[in-house]
Amino acid sequence: MKKVITPLFAAVLLFALAAGAVQANDAPANLVAVCGCGMVFTPDTNTKYIEYEGHKYACCSDGCHEMAAKDPATAAKMGQAAVEKVMNMSHMKLNVANVMSVTETGTQAMCGCGKKFTVDGATEYVKVEGENYACCSHACHEMASKDPAAAAASAKAKMKAGM
Ligand SMILES: [Zn+2]
Ligand SMILES: [Zn+2]
């Protein structure tokens, strides 16, 4: 056996991408979480969590939860690393232009309406000149779809003002 795959690798947890997912008792079905083992999944009412230093980490399976419970510090670290990786990847893929900041609790974006919000699995986007702009609500998305260029310009202006 030349390749060594540590069992720990397969054993990590998951970290809810959006803050709301970890605070709610029952995580909303439309939020995406990333397990430390690299699995991207949608937490449901059966999802198990571990707690480490005040943060809750969702585990993709009973096996991951069991491992994580034994060593929460390592599990939390791996969960965070996995989230960062997935977030970086999804940003490249989505090419979201109006992202303000990326933290361990989620991705903050600036809507054209001036509202800062957390991007999640239910976020809708409009496309302008090859870039995607996240909208804070369905209503904003509807508005932005009518005039994407104006919505994008507004989001950009609000980001400048907000920073
Ligand atoms: Zn897992
Ligand atoms: Zn909005």
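1. Let's start with threonine 107, which stands opposite valine 119 in E8. On its other strand pairing, valine 102 stands opposite threonine 107 in E7. Keep in mind that this is a predicted model, where local features need pLDDT of at least 70, side-chain atom pairs count only at pLDDT 80 or more, and totals for chains, interfaces and linings use all residues. Residues are numbered from 1 along each chain as its sequence is written, while chains are lettered from A and ligands numbered from 1 in the order in which they are written.

2. These strands form an open, antiparallel sheet of three, in the order E6-E7-E8. Strand E6 (99-103) and strand E8 (116-119) are at the edges with a single partner strand each, so one side of each has no neighbour in the sheet. From one strand to the next the twist averages 25°. (Strands, E, are DSSP runs of at least two residues and helices, H or I, of at least four, numbered from the N terminus; two strands pair if DSSP finds at least two bridges between them.)

3. Now the links. E6 and E7 pair over four bridges, and a hairpin of two residues connects them. Four bridges also join E7 (residues 106-110) to E8, with alanine 109 partnered by phenylalanine 117. Five residues separate E7 and E8 in their hairpin, where glycine 114 takes a positive phi near 100°.

4. How many of E7's five residues are buried? Four are, so to speak, under cover; buried means 20 or more other C-beta atoms within 10 Å of a residue's own, with C-beta atoms placed from the backbone.

Conventions: Axes are lines fitted to C-alpha atoms, for helices over the stretch in contact, and angles run from 0 to 180 degrees between N-to-C directions. A residue is buried if 20 or more other C-beta atoms lie within 10 Å of its own, exposed if 12 or fewer, and partly exposed in between; C-beta atoms are placed from the backbone.
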